[in-house]
Amino acid sequence: MKAQMQKGFTLIELMIVVAIIGILAAIAIPQYQTYVAKSQVQRAVAESGAIKTAIEACILEGKSVIGDGAGECDPQATGSSILNGASQTSITLPADTGVPQVSSPLTGTGGDTIIATFGNNAALALAGLEITWERDANGSWECTADAALDEKYVSTACPK
């Protein structure tokens, strides 16, 4: 008499596969969330740092007030889905976006700042925290991250 061939999987085999998938998911999901938050910090550093060039041009041209009127400094900030901050010009931002805030008036003698505040669609671990670029009297910019920012999210380009 011939033995009957097995068709399909046994219950124990299916349970083992489900258990392995559960273990992998338990490890992968927190790691992915950390990766997303860290990439958002990098993005905020880059988006706020991109404004430095426009601010330098304004300081060289003697424009000290932020705005887009005649004689005013337009920081040329674009809306970001991970930042809070109202437009400092007459441009209306799309819903659920914000821009880094530039200190006004610009002095050019140090203390000028660009502050990016996390909000809107940023990771929950970042909500309300800030990335700050500060200009010294020599024209050098230094980036600092909020002291409350978890060390695992800190960018090498912008230490705490």
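T113 is buried, its relative accessible area being 16%, where buried denotes under 20% relative accessible area, exposed over 50% and partly exposed the range in between, computed with a 1.4 Å probe on protein chains only. The model is a predicted one, in which local features require pLDDT of at least 70 and side-chain atom pairs count only at pLDDT 80 or more, whereas totals for chains, interfaces and linings use all residues. Residues are numbered from 1 along each chain as its sequence is written, and side-chain values rest on heavy atoms, with hydrogens and water left out.

T113 is placed in strand 3, which spans residues 112–118; strands (E, at least two residues) and helices (H or I, at least four) are DSSP runs numbered from the N terminus. When neighbours within four places in sequence are set aside, T113 has contacts (heavy atoms within 4.5 Å) with Q101, V102, S103, W133 and E134.

G110 belongs to the loop between strand 2 (101–102) and strand 3, and counts as partly exposed at 24% relative accessibility. With residues up to four places away in sequence not counted, G110 touches R135, D136 and A137, while its C-alpha atom is separated by 7.8 Å from that of E134, 24 residues apart along the chain.

L11 lies in helix 1 (residues 11–49) and is exposed, with a relative accessible area of 62%. Together with I12, M15, I16, I20 and L24, L11 forms a nonpolar surface patch of about 630 Å² of accessible area. Patches consist of residues with over 30% relative accessible area and no salt bridge, like charges being joined within 9 Å and nonpolar side chains (Val, Leu, Ile, Met, Phe, Trp, Tyr) within 5 Å; a salt bridge places a side-chain nitrogen of Lys or Arg within 4 Å of a carboxyl oxygen of Asp or Glu. Accessible areas follow the Shrake-Rupley method with a 1.4 Å probe, and for residues only the protein chains shown count as cover.
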